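Open the model in your viewer and follow the stops below. Keep the selection tool at hand.

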Amino acid sequence: TSAGYGFIIRLGDLVTRNKKGKVSLRVPEGAQVLAPQAVADKDDDWVAAVTNTGRLLIFTAFELPQLSRGKGVKLINIPKAKAVAGEVLVSACVFREGQKLRIHSGKRYLNLKPNDFENYVGSRAQRGRLLPRGFQQPHRIEAFD
């Protein structure tokens with residue numbers, strides 16, 4: 001969610017026989033649901049999370065729990081004062097070893113190669129590091145080969 005929480009869920013856990021559906025994600029008040037991302041192999045995949053203030057954190061998908069429903073755990077730390085001021089998680093992406101990241105900020109974008117990741121790699125729920133000037137208001141992150 002845009003509040004900075006997430007988890008891994010099996011696709012089979014989302015299927016229901018009920019007509020009204022199934023509640024599998026608890027969204028904190030004032031937060032939005034972000035697009036889901038496919039995780040191919042929890043041991044080999046990486047997660048990149050970026051906030052609207054330009055903070056980027058990259059960590060292994062192994063650090064995320066597999067749940068059947070709930071709120072999840074913190075992907076990136078957004079302090080309460082910053083959250084009240086309007087900082088949110090704008091995008092998260094799952095990528096494999098060797099892929100590059102593209103961070104979109106307005107009409108511009110920044111390509112990060114695997115060699116550039118070392119500044120942003122950390123453990124889940126850390127604050128993340130600031131992106132370079134000019135890219136501190138990102139709105140999307142994506143992986144590409």
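Which residue forms a salt bridge with Glu-87? Select Arg-127: the closest N and O atoms of this pair are 2.9 Å apart. Keep in mind that this is a predicted model. The pair links distant parts of the chain, 40 residues apart. Glu-87 sits in the loop between helix H1 (80–85) and strand S5 (89–95). Arg-127 lies in the loop between strand S7 (108–112) and S8. Glu-87 counts as buried because its relative accessibility is 5%, under the 20% cut-off.

Next, select Glu-142. Its salt bridge with Arg-102 has closest N and O atoms 3.8 Å apart. This pair also joins distant parts of the chain: Glu-142 is in strand S9 (residues 140–144), Arg-102 in strand S6 (residues 100–105). Shared partners join Arg-102, Arg-140 and Glu-142 into one network. Glu-142 is partly exposed at 24% relative accessibility, and Arg-140 is partly exposed at 38%. The structure holds 5 salt bridges.

Move to the strands. Select S2 (46–51) and S3 (residues 55–60): they run antiparallel, joined by 5 bridges. Val-47 stands opposite Phe-59 in S3. In the hairpin, 3 residues lie between the strands, and Gly-54 takes a positive phi near 90 degrees. S3 also pairs with strand S8 (residues 129–130), antiparallel, over 2 bridges. There, Arg-55 faces Leu-130.

Last stop: the surface. Select Asp-41, Asp-43, Asp-44 and Glu-97, which gather in a patch of negative charge. Asp-44 is in the loop between S1 (5–6) and S2. At 47% relative accessibility, Asp-44 is partly exposed.

Note on methods:
Residues are numbered from 1 along each chain as its sequence is written. This is a predicted model: local features need pLDDT of at least 70, side-chain atom pairs count only at pLDDT 80 or more; totals for chains, interfaces and linings use all residues. Side-chain values use heavy atoms; hydrogens and water are left out. Patches are made of residues with over 30% relative accessible area and no salt bridge: like charges are joined within 9 Å, nonpolar side chains (Val, Leu, Ile, Met, Phe, Trp, Tyr) within 5 Å. Accessible areas come from the Shrake-Rupley method with a 1.4 Å probe; for residues, only the protein chains shown count as cover. A salt bridge is a side-chain nitrogen of Lys or Arg within 4 Å of a carboxyl oxygen of Asp or Glu. Lys and Arg count as positive and Asp and Glu as negative; His and the chain ends are not counted. The place of a charge is taken as NZ of Lys, CZ of Arg, CG of Asp or CD of Glu. Helices (H or I, at least four residues) and strands (E, at least two) are DSSP runs, numbered from the N terminus. Buried means under 20% relative accessible area, exposed over 50%, partly exposed in between (1.4 Å probe, protein chains only). Two strands pair if DSSP finds at least two bridges between them.
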